[in-house]
Amino acid sequence: MFMQLLHYIKLSITHQSLKLTQQSHALILTHGFQQNPFLATKLISAYCVFGNPTKSRLVFDSIKLKNVYLWNTLVNGYVKNGSYREAFGLFVELCNENFLPDDYTLASLAKVSGEMGDLVAGKLVHGKSIRVGFVFDVVVSNSLMSMYCKCDKFGDGRMVFDEMPQRNVGSWNVLIAGYVGCKKQSFDMQMWEIFKRMQIDGVKPDGFTISSLLPLCGGDNSKWDYGKELHCYVVRNELDFNLGSDVHLGCCLIDMYSKSNRIVLGRRVFDRIRCRNVYTWTAITNGYAHNGVYDEAFSLFREMQVKDGIEPNRVSLLSILPACNSHASLTSGKQIHGFAIRKLFNYDVSLCNAFIDMYSKCGNLDLARRVFEDVSFCKDSISWSSMISGYGLHGRGKEAVLLYDKMVRAGIKPDMITIVGVISACGRSGLVDEGLSIYNSVINEHGIEPSVEICACVVDMLGRSGQLDQALDLIKRMPVEPGPSVWGALVSASVMHGNSQMKDLAYRFLIQLEPENPSNFISLSNLYASSKQWDGVAGVRTMMKERGLRKEPGCSWISINSTTHCFYVADKAHPCSNSIYEILDNLVDVMKGANQSYNFEVPT
């Protein structure tokens, strides 16, 4: 009968049946097995699996002769249900009952301390580990290291690591993860030395080790070299992400190549992954969107659903929405929004914020406002900032200011992005007094330090209104070093109002700050040409040639019937280019006011 009851409990967990667990519990009571510690342990685990630790506690309390395994089972149940305070309360009871915690108890509670960010509790667990002789246990030490790292005490975690007589791959992984956290996502030689020392000590890095390091290797050519070496290690040591044994590692490689603007290499990794899931598809879709290859991103997004029958998740939708923004593809954005509503994703604040941004950039402010006013999700500061920026983008500065005032009255503290959005809106609508008032209030009332981005918006606002001297004076009084965005705003304003002297000054600072940006040199050359300073033009062109600078041609596009048509300067590659240029010539004549009648019908 004992084995049958045990089988029933295991069956209830396998089939996720709370009713079967309760029936098994009743049979245990009926047949007099209520004091059996083994069955009690299984019952406690079953009730915790179904999110009912209260009933687990009732079973625990009914046992007269408890052992450490019973205590551990209930502690683990509380942890899995997020009842961290109850887990620590049970630990105190265990100690008061003169039970000695074992390695499992201490490792679980060290993990809980880290999740809570409670350094005091973590140190108590550490002290208890020393007193009962488990401080040199590998699992306990790894948990203590993780706790210290999560509590921003990497130095203490490193001390635990250095004192360990034996280490496994998990010990090194915790050290690397902690180092990554305290260095705030930077990859330096010290990190690389840790990785090499791990191998010198005879510990073979696993997929978790590599996937912890890969996110630090994207976005920079020097860091990309590290990423290539890590990829070579994966291939040499046959970690076999291509066989589906470590899809997460494949996703990290795709992401690393995407952020390094090498999406072709990321696609090669993707094509070798046999067991693809929603995460691999999302990684490659996001990679193409990140690199501006939006048609391929849309194609893969559709292929994921049609070819592999994989349903997009929330992150998949977030990754494809920027492609709608760039292509101004309102139809695709609406389809994605409809899918999100059908799948009940419309309560997710991150996704709703992305829809507000998408509708604003696709030209439909009414739909953006409708999403913003939807009560099905709880708005955060990003929601307000997105809507304010949307108003500014459409030149509706007054609505942006009113919404900003409403946000402040609602007790939501604005952040840097909010301030940039509302001041930009004021600048586009000529609301200089309102913009300056907001700028002063955020400094004096909200305690926000003026950043380069905020100052650039104020300079742009003053410059648009023709107050170039005031804009320059603000630049001189800035509490931070003016960046390219600040001088770029002054350049634009100088061009708008025809102030050559101010424009020349701003360009010179821009070139000093961005000596590798060809656009600045081209603009300065045009400035000299407009004033017939041909020696200046020749000097700028020579400087560009010496530095090997060449400006990439500008590109514009339009989406028609789900197909994107791209156009470059003087481009004649499009099959309808003759008709397009004919219509453009006619439009130019119309705009010049020629009194002629034109036939704008495109030949088919």
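Which residues do ring pairs link into a cluster? In this predicted model, the cluster joined by ring pairs consists of Phe60, Trp71 and Phe99. The legends below treat this cluster and other aromatic contacts.

**View 1. Ring pairs link Phe60, Trp71 and Phe99.** The close-up shows the three residues as a cluster. In total, eight aromatic pairs are present in the structure.

**View 2. Phe154 and Tyr179 form an edge-to-face pair.** The ring centres of Phe154 and Tyr179 are 5.8 Å apart, and the planes stand at 70 degrees; because planes over 60 degrees apart count as edge-to-face, the pair is assigned to that class. Phe154 belongs to helix α10 (residues 154–163) and Tyr179 to helix α11 (residues 169–182), so the pair ties together parts that are 25 residues apart in sequence. Phe154 and Tyr179 are both buried.

**View 3. Phe195 and Tyr233 form an edge-to-face pair.** Here the centres of the two rings lie 5.9 Å apart with their planes at 75 degrees, so the contact between Phe195 and Tyr233 is edge-to-face. Helix α12 (residues 189–200) contributes Phe195 and helix α14 (residues 221–236) contributes Tyr233; the pair therefore ties together parts that are 38 residues apart in sequence. Phe195 has a relative accessibility of 4% and therefore counts as buried. Tyr233 is likewise buried, with a relative accessible area of 4%.

**View 4. The charged end of Arg167 sits over the ring of Phe161.** The distance from this charged end of Arg167 to the ring centre of Phe161 is 4.2 Å.

**View 5. The charged end of Lys379 sits over the ring of Phe377.** The charged end of Lys379 lies 5.7 Å from the centre of the Phe377 ring.

How values were computed
Residues are numbered from 1 along each chain as its sequence is written. This is a predicted model: local features need pLDDT of at least 70, side-chain atom pairs count only at pLDDT 80 or more; totals for chains, interfaces and linings use all residues. Side-chain values use heavy atoms; hydrogens and water are left out. Rings of Phe, Tyr and Trp (its six-membered ring) pair if their centres lie within 6.5 Å; planes under 30 degrees apart count as stacked, over 60 as edge-to-face and the rest as tilted. Helices (H or I, at least four residues) and strands (E, at least two) are DSSP runs, numbered from the N terminus. Buried means under 20% relative accessible area, exposed over 50%, partly exposed in between (1.4 Å probe, protein chains only). A charge sits over a ring if NZ of Lys or CZ of Arg is within 6 Å of the ring centre and within 35 degrees of the ring normal.
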